[in-house]
Amino acid sequence: MYNLLVSLGQVTADTWKTVGIVAGILLAMALVIVIAILVVGKVFKVNMDEKVTKILENLAGANCGGCGCSGCAGFAAKLADGSGDLSACHVTSPEKKAEIAKLLGVELKDEQPEVAIVKCNGGTENALNAFEYNGNKTCAACNSLLGGNKVCKTACLGCGDCKNVCPEGAIDVVNGLAKVDPDKCVNCGACILACPKHIIERIPAKAPVYVACSSHCRGKEVTSACKVGCIACGLCAKNCPHGAITMVDNLPVFDYDKCTGCKTCVAVCPRHIILER
């Protein structure tokens, strides 16, 4: 019995000795790892340019991607090294842009407020389908298949890629047609980049009307594709009392510096594609 107790005691002592050794090894390994992290962090530490930091402090911080960068940090870096253009950001306030311009030592360009508009009035009710699309419900995927399921190849596809990227919730899709709420739009441009049809554009915020069509086709071809597409009749341009409209490639183009908002064009358009904002 005595021998058995001695043996058990020896086993217990050996066990605790083993546990102690293992714990010591783990502690040593942890210490080595911590030291290695500190050394690597110090050796490979990247000091952010002070100019980039100050630019970031003045940017809106929307990280919308409208400038073409993945976020404000990337845009700030481009501005700091001279490869970026401050006018590419449409979200930052004029006051903050003025501060950034001072930091960069550049002259701030005069910019008038703008909003995004969708140059289409088709949707499921007016734009005819060439085929039924049952694939991935994104405009990009739909557009990759024969340019989309609409007969008109500049029609809004209505899957909402623009809506999904809008950081302000300013876009909704109603009856297969994207609509922008100008009161919510901050003009970041994320929707413009997301639209595979390139039918979302900026117009001056003061603009009273806009053309809701992007087709450059002639009348007969337009009427076979859309119930409301522009047929290039030119009545808007002929009747504008201020000469604010010019027909260019079968579409009316507005000179908003001349437009007074009389809405004559809205009244004479037989296809009702000049819309009030």
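Biologist: In helix 4, which residues are buried?

Modeller: This is a predicted model, in which local features need pLDDT of at least 70 and side-chain atom pairs count only at pLDDT 80 or more, whereas totals for chains, interfaces and linings use all residues. Residues are numbered from 1 along each chain as its sequence is written, and side-chain values use heavy atoms, with hydrogens and water left out. A residue is called buried under 20% relative accessible area, exposed over 50% and partly exposed in between (1.4 Å probe, protein chains only). By that rule, the buried residues in helix 4 are K97, I100 and A101.

Biologist: Within what arc do the buried residues of helix 4 fall, seen down its axis?

Modeller: The arc is taken from the directions that lead from the helix axis to the C-beta atoms. An α-helix has 3.6 residues a turn, so residues three or four places apart point the same way. The buried residues of helix 4 line one face of the helix, because seen down the axis they fall within an arc of 105°.

Biologist: Which residues are exposed on the other side of helix 4?

Modeller: The buried residues of helix 4 pack against helix 2 and helix 3. On the other side of helix 4, the exposed residues are E95 and K102.

Biologist: Is the crossing of helix 2 and helix 4 left-handed or right-handed?

Modeller: A crossing is left-handed if the near helix is turned anticlockwise from the far one by less than a right angle, and right-handed if clockwise. The crossing of helix 2 and helix 4 is left-handed.

Biologist: Which residues of helix 2 and of helix 4 make the contact?

Modeller: Contact means heavy atoms within 4.5 Å. From helix 2 the contact has K51, K54, I55 and N58, and from helix 4 it has K96, E99, I100, L103 and L104.

Biologist: How many nonpolar residues has the contact of helix 2 with helix 3?

Modeller: Helix 2 passes helix 3 in a right-handed crossing. The contact is made by K51, V52, I55 and L56 of helix 2 and by C72, A73, A76, A77, L79 and A80 of helix 3. Ala, Val, Leu, Ile, Met, Phe, Trp, Tyr, Cys and Pro count as nonpolar, Asp, Glu, Lys and Arg as charged, and the others, Gly among them, as polar. By class, this contact of helix 2 with helix 3 has one charged residue, no polar residues, and a nonpolar count of nine.

Biologist: What arc do the buried residues of helix 2 cover around the axis?

Modeller: In helix 2, the buried residues are V52, I55 and N58. They are on the same side of helix 2, because they cover an arc of only 125°.

Biologist: Which exposed residues does the face of helix 2 turned away from its buried side carry?

Modeller: What covers the buried residues of helix 2 includes helix 3 and helix 4 (94-104). The face turned away from the buried side of helix 2 carries the exposed residues E50 and E57.

Biologist: Is C69 buried or exposed, and at what relative accessible area?

Modeller: C69 is found in the loop between helix 2 and helix 3. Leaving aside neighbours within four places in sequence, C69 is in contact with G74, F75 and K78. C69 is buried, with a relative accessible area of 11%.

Biologist: What is the phi of N175?

Modeller: Helices (H or I, at least four residues) and strands (E, at least two) are DSSP runs, numbered from the N terminus. N175 lies in the loop between strand 2 (171-174) and strand 3 (177-180), and counts as partly exposed at 45% relative accessibility. Most residues other than glycine have a negative phi. N175 is a residue other than glycine with a positive phi, near 50°.
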